[in-house]
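Please have a look at the picture and the sequence, and then read on.

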Amino acid sequence: MSTSNKTQAVDNGLQGQWCQTLTLQPGQTLVNELSGLHLSVTLLDHEWQLRTERVDRDVEDSHWHQRISHETLPDDSSLQRFIRSREAPRLTFRPALADRSMVIRPYNTLQMGPDASCTIYLSTVLWLQVLVGDAQRLLTEIPIMPPSSTWMGPNTMEGEICYAGKTYARMLRESLPMRPWRAITPVHIRNRGQEPLAMERLSLPVPLLPLYQQKQVTPGEAEAAGGNPWLWTPEVTVTCEKSLATASLALGQGAPVEAGPCTLVAGARENAGKGTLVRHIDRLFG
Amino acid sequence: METLLLWLRPLMLVAAGLALALLSTRLLRRYTAEHFSQHQRVLLQRLVFYAIMTIFLLMALRQSGFQIGVLLGAAGILTVAIGFASQTSASNVISGLFLLAEKPFELGQLIEVDGNRGVVVSIDLLSVKLRTLENLYVRIPNETLIKTRVINLSRFPIRRIDLPVGVAYGEDLDRVRAILIDLVNNDSRCMEEPVPFVFMQQFGASSVDLMLHFWVRQEDFRQLRSDMLFAIKAAFDREGVEIPFPHTSLYAGKHSTPIRIALETGNGLKDSASGESSL
């Protein structure tokens, strides 16, 4: 097995990295352990095989363990087989944001006075995309930690199905715990109304957001994230003019300032057309 | 020869109209797939088909020497005659038009009519066709759909599952409630909001009757209902929560007097004792 792009690979005890291209030999299996997700990718002469297993964990492990196995794995129920056309035996893992909006609820309600503003950092769980060949054909994508579903709307007839998430609504970048399978979104909230604002939940339209990876990390950050640079989305600005019903949302361009120099690793899933944005604004707050 | 030519031209017009109508519907099917629902596509295709065919038929009749005005007058008289003769069909056609305007369901949606539950596979002039979950083909006249109660099970994206759960009277109900809510919260297919809850229904004959309510995506409804029942049974077995079933007690006359029990062997009566009267 050999690697290109970023790190030097050894046969066992690899450190998984996003967007790193690995070359497998037929018969080899690359076993990945990403917190609760165990993913094995096997290369055969005419097919790719994927096996997944979920492991219950109380605490998220921030390291992405990889190893090469030469053993033949059993045909368990999670096995997915993909026909391999004449593509190169190369494998890349790319991060992606969720395919539906994330409804994020703070553990404790966040109160904001009139004419106040703040920036909170929200982290959302990522999907792992398996790409093969030199053309990086997408085989499949798997949520690293499947989020629960939830409903966001004024009643059970109008609204949309979203993913649910919890947040501590941290306001200091330095206090963020780093996990390589989460992307950070700075959300700038401005309350221009005369009434205090209570944020109980916020719908973050993640399918409209691209994903960036930091180019430079401090040694401490790299250690905390298992060698993976942090992943960021553009800043989202929420402005409440009078009440929650009149809140508006603006998506920033490019990576946020606090992320420093970044590279784009994945584009937005959906085009942020006017109609889409309005739809999300309608259901911004619960 | 002249007679042949007289009929050949209208026939060619009808054939050309048919070809054009079929081609138009095929093109519509191909190019409207992205922008319209299945229901809208079928309606549009039929509208275009019948419009083109009507125009070409009228042109063909005109070519044959028919006076359209006379024809329409005759059609009026004919309509009255046919109307009396085919009241049911006419009623179905009119009901079909009301259904199209009201649009209580669309193609591909799951509905329940008169105890028939199935996916709508066709909405026609006289009837609606369903494919039931057992893969049966059911034809329901449009008139029936207007008169009877129709339940559209696919209208909204989410549905609530109500699961009746009975537990023994000796169980700690707060603990039972926590187990049930945990099961829902641990399944990522269940909605976090609207919030799941456990409702106490009644003190039943042999159990405390609870009802677990939680919300799921409409397409997950059947599978998740079954999966949750399996999960509840497994969780109750694991946690030692008793799921009671009806018990019957027999009394031999007096409430306090136990029934005598005798054990028999091949040699006759071997032993006898008084025991608990419950069986």
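Which residues in H6(B) are buried? They are Val176(B), Leu180(B), Leu183(B) and Val184(B), where "buried" means that 20 or more other C-beta atoms lie within 10 Å of a residue's own, "exposed" means 12 or fewer, and "partly exposed" is in between, with C-beta atoms placed from the backbone. This is a predicted model, in which local features need pLDDT of at least 70, side-chain atom pairs count only at pLDDT 80 or more, and totals for chains, interfaces and linings use all residues. Residues are numbered from 1 along each chain as its sequence is written, while chains are lettered from A and ligands numbered from 1 in the order in which they are written.

**Helix H6 of chain B**

- Seen down the axis of H6(B), the buried residues fall within an arc of 100°, so they line one face of the helix; the arc is that of the directions from the helix axis to the C-beta atoms.
- An α-helix has 3.6 residues a turn, so residues three or four places apart point the same way.
- The exposed residues Asp174(B), Arg175(B) and Asp182(B) sit on the face of H6(B) turned away from its buried side.
- H6(B) covers residues 173-185, which is 13 residues. From its first C-alpha to its last it reaches 18 Å, close to the 18 Å expected at 1.5 Å a residue; the expected span is 1.5 Å times one less than the number of residues.
- Helices (H or I, at least four residues) and strands (E, at least two) are DSSP runs, numbered from the N terminus.
- The cover over the buried residues of H6(B) includes strands E6 (158-167), E7 (197-203) and E8 (208-217), together with helix H7 (221-239), of chain B.

**How H6 meets H7**

- H6(B) and H7(B) pack at an angle of about 135°, and their axes are 10 Å apart. Axes are lines fitted to C-alpha atoms, for helices over the stretch in contact, and angles run from 0 to 180 degrees between N-to-C directions.
- That angle makes H6(B) oblique to H7(B): angles under 35 degrees count as roughly parallel, over 145 as roughly antiparallel, 65 to 115 as roughly perpendicular and the rest as oblique.
- From H6(B), Ile179(B), Leu180(B) and Leu183(B) meet Met228(B), Ala231(B), Ile232(B), Ala235(B) and Glu239(B) in H7(B). Two residues are in contact if their C-beta atoms, placed from the backbone, lie within 7 Å.

**Helix H4 of chain B**

- Asn92(B), Ser95(B) and Gly96(B) are buried in H4(B).
- Seen down the axis of H4(B), these buried residues fall within an arc of 110°, so they line one face of the helix.
- Gln87(B), Leu97(B) and Ala101(B) are exposed on the other side of H4(B).
- Strand E3 (127-132), strand E4 (137-141) and helix H5 (142-147) of chain B are what the buried residues of H4(B) pack against.
- The 16 residues of H4(B) (87-102) should span 22 Å at 1.5 Å a residue, and the end C-alpha atoms are 22 Å apart, which agrees.
- After H4(B) comes Lys103(B), with a positive phi near 50°.

- Chain A has two helices and 24 strands.
- Of the 286 residues in chain A, 34% are buried.
- Among contacts in chain A between residues at least 6 apart in sequence, 73% join residues at least 24 apart.
- Where the chains touch, 10 residues of chain A are in contact with 12 residues of chain B.
- Strand E15 (149-152) and strand E16 (160-167) of chain A are the elements that give two or more residues to the side of chain A that touches chain B. The largest share of that side, three residues, comes from E15(A).

**Backbone details to look for**

- Most residues other than glycine have a negative phi, and most peptide bonds are trans.
- Cys19(A), a residue other than glycine, has a positive phi near 60°. Cys19(A) lies in the loop between strand E2 (14-15) and strand E3 (21-23) of chain A.
- Asp114(B) is not a glycine, yet its phi is positive, about 50°. Asp114(B) is partly exposed, with 13 other C-beta atoms within 10 Å.
- The peptide bond from Glu193(B) to Pro194(B) is cis, with omega near 0°. Pro194(B) is found in the loop between H6 and E7 of chain B.
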